Amino acid sequence: VDRVRAFAGAHFERLSGREPARDLAPGQQCDVPFPGLRATPWHDARAFAWASSLEEHWRAPRDELDAFLARRDGGDAHGDGDGDAYG
């Protein structure tokens with residue numbers, strides 16, 4: 001929870017026109033970094049307790065995104081007629 005608060009505070013700083021404090025690795029670019037998230041190209045899912053549940057139930061967030069895109073665009077999110085590009 002502390003990291004989420006720090007992230008929200010950094011966003012508030014940015015939105016207020018102030019530069020948030022940054023602790024970035026050399027070459028890393030990010031408007032507002034998430035505290036504790038490493039700048040690596042791939043993260044080991046085993047390091048995150050919630051990742052296995054997300055992997056198991058990936059269709060739920062995919063369906064939510066599809067519904068949002070369909071409402072936003074006024075039609076099929078994938079343009080394939082059935083709205084399911086994954087299954």
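Hi everyone, let me start with a pocket. The lining of the second largest pocket divides into seven nonpolar residues, one polar and one charged. One thing to keep in mind as I go: this is a predicted model.

So, which residues line the second largest pocket? They are P41, W42, H43, A45, F48, W50, A51, L54 and E55. As for volume, the second largest pocket comes to about 150 Å³. If you have the structure open, you can pick out helix 2, which covers residues 51–56.

Now let's step back to the whole chain. How many helices and strands does the chain have? There are three helices and zero strands, and from the N terminus the elements run α-α-α.

The chain has 87 residues, and 9% of them count as buried. Its accessible surface is about 7200 Å², with 56% of that belonging to carbon and sulfur atoms. On contacts, if we take those between residues at least 6 apart in sequence, 28% join residues at least 24 apart.

Next, helix 1. This helix takes in residues 2–15, which makes 14 residues. From its first C-alpha to its last, helix 1 reaches 20 Å, close to the 20 Å expected at 1.5 Å a residue. Just after helix 1 comes G17, and G17 takes a positive phi of about 90°.

My last stop is R18, in the loop between helix 1 and helix 2. Which residues does R18 touch, leaving aside those up to four places away in sequence? The answer is F12 and E13. And why do we call R18 partly exposed? Because its relative accessible area is 42%, and partly exposed is the range between the buried cut-off, under 20%, and the exposed one, over 50%.

Terms used. Residues are numbered from 1 along each chain as its sequence is written. This is a predicted model: local features need pLDDT of at least 70, side-chain atom pairs count only at pLDDT 80 or more; totals for chains, interfaces and linings use all residues. Side-chain values use heavy atoms; hydrogens and water are left out. Helices (H or I, at least four residues) and strands (E, at least two) are DSSP runs, numbered from the N terminus. Buried means under 20% relative accessible area, exposed over 50%, partly exposed in between (1.4 Å probe, protein chains only). Contact means heavy atoms within 4.5 Å. Accessible areas come from the Shrake-Rupley method with a 1.4 Å probe; for residues, only the protein chains shown count as cover. On a 1 Å grid over the protein atoms alone, a cavity is a set of points where a 1.4 Å probe fits but cannot get out, and a pocket is an open set with protein on both sides within 12 Å along at least five of seven lines; lining residues have an atom within 4 Å of a point. Grid points are joined across faces, edges and corners, and a volume is the space filled by probe spheres set on the points. Ala, Val, Leu, Ile, Met, Phe, Trp, Tyr, Cys and Pro count as nonpolar, Asp, Glu, Lys and Arg as charged, and the others, Gly among them, as polar. The expected span of a helix is 1.5 Å times one less than its number of residues.
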